[in-house]
Amino acid sequence: METREELNAQAEALLAKLPPAAELKAPQRMAIPQQPMPAQDPKERIRNNHEVAIGYTEAQARLEALRCLQCPTKPCVAGCPVGIDIPAFIHAIAEGKDSEAIGIIKQTSLLPSVCGRVCPQERQCMKGCTVGKINKDVGKAVAIGRLERFVADKERETGSVVPPAVAAPTGKKVAVIGSGPASLAFACDARRAGHDVTIFEALQKSGGVLSYGIPEFRLPKDIVQKEVENLQSMGVTIRNDFIVGRSRPLKRLFEKDGFDAAFIGSGAGLPRFMGIEGENLIGVFSANEYLTRANLMRAYDTEHADTPFYHAKRVAILGGGNVAMDAARTALRLGAESVQLFYRRTMGEMPARAEEIEHAKEEGVEFNLLRNPVRILGDENDIVRGMEVLCYELGEPDASGRRSPVAVKGSEYEVEVDCVVVAIGNSSNPLLPSTTPELKTNARGNILVDENHETSMRNVYAGGDIVLGAATVILAMGEGRAAAKAMNERLAGER
């Protein structure tokens, strides 16, 4: 693996041979190779919790930006949930105008440092990239997320972040329930409109899944905290350890506390299990608990935190999404000697980000594809000792478009493990619907909203995972912004 310094030297050498950006023709742009993301060496990073991807250098960012063909049809924009003008910000980077680039991004996206790190660009903006299509490989498209991260990090590291301007006070009070991506985006736009905004967060740290779910080695928590501080500098109030539905019913926020509108962004925090024998054994965890202990409660930082965690040597992870990758890679950093991931489809159907899958492989996670446990085995003390695993083959596509796994009869075998982490998804947080019967939900517990993101309760809006189920960070942000727009119009008397 080449070091950041080596990659930078290569980029500088190639840049020196190229004509100015304005003179570059399409064939010359296509000939520029995609710039690799500098990263920690796998052998070193599995024993620390520092960020794995180190970030582009100036030279790499310029070179990568020059690969953009500046397509007039902007297919990348069509794949972006919030419609960032991607060609424009990349063009600015190519010309060395980084402050202009971040300004373009922030017109529509409020968390570029976060989205550049954790969004699945290969299934969103990069999927439509003409460069990737010409190469017949989305992995060779312009690295949009890496460029977004570059300018966002530069803005933050140089201390040049300027909070959005706030309009004159409207006299309206707005409550925001939860502090994940959808809520942060909603709160920012509501505050920009001049409303008095209060975020109610159930946990002691703000940020929602950004704080408790995504590991430090993928999204440093100081970045999340900076985004929260930006909101507070705008005048947004944050009340932690406050559970709307328990600390105070939703309706009371209106009737007793004088709020004029509310947004529900409480996420999908109810873990799903497989419903198989042995899931109640000691050593079986939901990914939610496993990652919350490691991230929010810093179980990895044994010198400064006394958070208890389950010491295991042979860990099994069930699932194939980003949460499964996070859990597998976290297990290595918590001291596991072997980590096996079981997924009942193939790599082609795996929903995790391509980069996260690649990093997991580099770090030594063993992928058991077309495999799924049918029983978790325990010893005489009800402690996990292994799993009975069934083999699968792919059948016809299901409703999601992915080919359905079909069990192979008689293919069961046992594998020895002493910890099982279930990472097969989450259901919507049930607390608010269960304590607020006026809120209508669907069969899966997701809150129902109309085209304006308004719920069955007037002036109560919702977005993100509580509405969509599992969603990407930027999709949740798009929901929050759309809901804020509709609410701002309502409070202004425009509809």
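This report describes a predicted model, taking up a pocket, salt bridges, strand pairing and a loop in turn.

**The second largest pocket**

The second largest pocket has a volume of about 670 Å³. It is lined by 33 residues, and those closest to its centre are M37, R146, A354, E355 and H359. Three helices each supply at least two residues of this lining: α8 (112–118), α10 (144–157) and α17 (354–363). Of the elements that contribute, α17 gives the most, with six residues. Sorted by class, the lining of the second largest pocket holds 14 nonpolar, 13 charged and six polar residues.

**Salt bridges**

The whole structure contains 34 salt bridges.

| Salt bridge | Distance |
|---|---|
| D189 and R192 | 2.7 Å |
| R218 and D326 | 2.8 Å |
| E454 and R490 | 3.0 Å |

D189 has a relative accessibility of 10%, so it counts as buried. R192 has 25% and therefore counts as partly exposed.

The pair R218 and D326 forms a salt bridge in which the closest N and O atoms are 2.8 Å apart. R218 lies in the loop between α12 (209–212) and α13 (221–233), while D326 is in helix α16 (residues 322–333), so the pair ties together parts that are 108 residues apart in sequence. Both R218 and D326 are buried.

In the salt bridge of E454 and R490, the side chains meet at 3.0 Å, N to O. E454 lies in the loop between α18 (431–435) and β16 (460–462), and R490 lies in helix α20, so this pair ties together parts that are 36 residues apart in sequence. E454 counts as buried because its relative accessibility is 7%. R490 is also in the buried class, because its relative accessible area is 12%.

Shared partners link salt bridges into one network that joins R45, R146, R218, D326, R329, R333, R353, E355, E356, E362 and E363. Two members of this network, R146 and E355, were named above among the residues closest to the centre of the second largest pocket. The network also includes R218 and D326, the pair that joins a loop to helix α16.

R490 has a further side-chain partner. The helix that holds R490, α20, spans residues 473–491. Besides its salt bridge with E454, the side chain of R490 makes a polar contact with the side chain of N459 at 2.8 Å.

Strand β14 (residues 419–422) is covered on both faces. On one side are C419 and V421, on the other V420 and V422, and all of these are buried.

Two strands that pair with β14 can be described. Strand β6 (residues 284–286) pairs with β14 in the parallel sense over three bridges. Within that pairing, V284 has V420 of β14 as its bridge partner. Strand β7 (residues 314–318) is joined to β14 by four bridges, and these two strands also run parallel. Here V315 stands opposite C419 in β14.

**The hairpin of β11 and β12**

Strand β11 (residues 384–397) and strand β12 (residues 403–407) run antiparallel and are joined by four bridges. Y392 stands opposite A407 in β12. Five residues lie between the two strands of this hairpin, and G401 takes a positive phi near 95°.

**The loop at A22**

A22 is found in the loop between α1 (4–17) and α2 (26–31). With a relative accessibility of 74%, A22 counts as exposed. The C-alpha atoms of A22 and L66 are 9.7 Å apart in space, while the two residues are 44 apart in sequence.

How values were computed: Residues are numbered from 1 along each chain as its sequence is written. This is a predicted model: local features need pLDDT of at least 70, side-chain atom pairs count only at pLDDT 80 or more; totals for chains, interfaces and linings use all residues. Side-chain values use heavy atoms; hydrogens and water are left out. On a 1 Å grid over the protein atoms alone, a cavity is a set of points where a 1.4 Å probe fits but cannot get out, and a pocket is an open set with protein on both sides within 12 Å along at least five of seven lines; lining residues have an atom within 4 Å of a point. Grid points are joined across faces, edges and corners, and a volume is the space filled by probe spheres set on the points. Ala, Val, Leu, Ile, Met, Phe, Trp, Tyr, Cys and Pro count as nonpolar, Asp, Glu, Lys and Arg as charged, and the others, Gly among them, as polar. A polar contact is a pair of N or O atoms within 3.5 Å; within protein, one must be able to donate a hydrogen and the other to accept it, and residues adjacent in sequence count only if both atoms are side-chain atoms. A salt bridge is a side-chain nitrogen of Lys or Arg within 4 Å of a carboxyl oxygen of Asp or Glu. Buried means under 20% relative accessible area, exposed over 50%, partly exposed in between (1.4 Å probe, protein chains only). Two strands pair if DSSP finds at least two bridges between them.
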